[in-house]
Amino acid sequence: MKILPDYEHMEYRDVYTCLLHRYRHILGLWQPDIGPYGGLLNVVVDGLFIIGWMYLPPHDPHVGDPMRFKPLFRIHLMERKSATVECMYGHKGPHNGHIQIVKKDEFSTKCNQTDHHRMSGGRQEEFRTWLREEWGRTLEDIFHEHMQELILMKFIYTSQYDNCLTYRRIYLPPSHPDDLIKPGLFKGTYGSHGLEIVMLSFHGPHARGTKITGDPNIPAGQQTVEIDLRYRIQLPDVENLRNFNELSRIVLEVREQVRQEQQRETGGSPDPPQEPPSFRGPDELPAEDSEKSSNGAAAAEQPAPEQPVTSGHGQPFVLPVGVSSRNEDYPRTCRLCYYGTGLIAGHGFTSPERTPGVFVLFDEDRFGFLWLELKSFSLYSRVQATFRNADAPSPQAFDEMLKNIQSLTS
């Protein structure tokens, strides 16, 4: 009351009726509809406010740093019987906004004073400010020309949505005692696209990584990686692991086992073994533009899905020579590796295809993905923030949510 004297004569019933009850359906996690880029919004009750916080990954490539967040809107009672919606976008303080609850799992926000979003220095000042906030650097610090193009493209595209946004509800994945690790949200490195948010979930013998934020190649909502927990990979010793061709041989053998097993499951006779593809380096197929998942090597017999990770020492791990990584500060020991596939595509999500790779589990909060064809490595670190009102009411509701966000960008 001392901090907020306007609420001195407010009754609790008014707060509940006009604020908490009226806007109860927008509490929780949401994904904004910003084309391929997506996002993560968390709407919470904070004292006598309801605030929508946009969660942003840390600056590239510091995947282990905590998430950043900024307020997009807030709702509170300025008068006894009326809730006020304020837009928090821009640098001129709160201003008039509007919220419309379209349906149970969808709502939209609108700013009624977009002049508060503009800066005196025009678009150039707005771009420089956005770049410092989004990337923690200036354009002069970014020497890669293609990366500069991607950054400018994102600024131009997302700026169109500064006055009106639609949000769709997302749930955190349900967990099970037999899961390899606890499912949830992770920050991952994606080449020149920077850090993106991925949701790891478990579905029987498979694990899936779904993009909550995305890029023009693989949009938000798409399944970036899929891990087959039936096919565990035994990595060679460190010296042989440095040899990319040796790792490729192991992974391609597993891919052939998977192909033959799928053939048997469909009732057909296995085709003759396929010739291994010639692997292209980053210069021939830019790792910055694409995304990819991982493969694993397994024995001829398919083992049961692995039990949850427990504490203990793992085996030494090092990236093969020629494999690029945005973050060289990856763990040098791993616990388990599995075969998986990753989704890559051209700009505009053209010609998408799943390609083999290696899923590398470091510990409960970190895993990696070695994109075999792109010769690149993505490192993922768990989002440690706690989210309320975000659990799926049922496993079926979670699966339906995944289908819905994927269909929006398919």
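Reader: Where is the place of Ser-351?

Author: Ser-351 belongs to strand E17, which covers residues 350–363. Helices (H or I, at least four residues) and strands (E, at least two) are DSSP runs, numbered from the N terminus. This is a predicted model, in which local features need pLDDT of at least 70, side-chain atom pairs count only at pLDDT 80 or more, and totals for chains, interfaces and linings use all residues. Residues are numbered from 1 along each chain as its sequence is written, and side-chain values use heavy atoms, with hydrogens and water left out.

Reader: What is the phi of Ser-351?

Author: Most residues other than glycine have a negative phi. Ser-351 is not a glycine, yet its phi is positive, about 50°.

Reader: Is Ser-351 buried or exposed?

Author: Buried means under 20% relative accessible area, exposed over 50%, and partly exposed in between (1.4 Å probe, protein chains only). Ser-351 has 63% relative accessibility and counts as exposed.

Reader: Which value does phi take in Phe-349?

Author: Phe-349 has phi near 60°, which is again positive in a residue other than glycine. Phe-349 sits in the loop that links strand E16 (336–346) to strand E17. With a relative accessible area of 17%, Phe-349 is buried, whereas Ser-351 is exposed.

Reader: Which form does the peptide bond from Asp-60 to Pro-61 take?

Author: Most peptide bonds are trans. The bond from Asp-60 to Pro-61 is cis, and its omega is near 5°. Pro-61 is in the loop between strand E3 (49–56) and strand E4 (68–79).

Reader: What does Gly-64 touch?

Author: A contact means heavy atoms within 4.5 Å. Leaving aside residues up to four places away in sequence, Gly-64 touches Lys-187 and Ser-381. Gly-64 is placed in the loop between E3 and E4, and at 57% relative accessibility it is exposed.

Reader: How many residues apart along the chain are Pro-393 and Tyr-171?

Author: Pro-393 and Tyr-171 are 222 residues apart along the chain, and their C-alpha atoms are separated by 8.7 Å. Pro-393 is in the loop between strand E19 (376–382) and helix H6 (395–407). Pro-393 has a relative accessible area of 63%, so it is exposed.

Reader: Which residues does Asn-96 touch?

Author: Not counting residues up to four places away in sequence, Asn-96 touches Val-85, Cys-87, Cys-111, Asn-112 and Gln-113. Asn-96 is part of strand E6 (residues 95–103) and is partly exposed, at 37% relative accessibility. His-116 is 20 residues from Asn-96 along the chain, and their C-alpha atoms are separated by 9.7 Å.

Reader: At what angle do the axes of helix H2 and helix H3 cross?

Author: Axes are lines fitted to C-alpha atoms, for helices over the stretch in contact, and angles run from 0 to 180 degrees between N-to-C directions. The axes of H2 (residues 122–135) and H3 (residues 145–159) cross at roughly 110° and come within 11 Å. That makes the two helices roughly perpendicular (65 to 115 degrees; under 35 is roughly parallel, over 145 roughly antiparallel, and the rest oblique).

Reader: Which residues of H2 and H3 meet?

Author: From H2 come Arg-123, Glu-126, Phe-127, Trp-130, Leu-131, Glu-134 and Trp-135, and they meet Met-147, Ile-151, Leu-152, Lys-154, Phe-155, Thr-158 and Ser-159 of H3. By class, this contact has eight nonpolar, two polar and four charged residues. Ala, Val, Leu, Ile, Met, Phe, Trp, Tyr, Cys and Pro count as nonpolar, Asp, Glu, Lys and Arg as charged, and the others, Gly among them, as polar.

Reader: How many helices and strands does the protein have?

Author: The protein has six helices and 19 strands. Of its 410 residues, 51% are buried. Among contacts between residues at least 6 apart in sequence, 64% join residues at least 24 apart.
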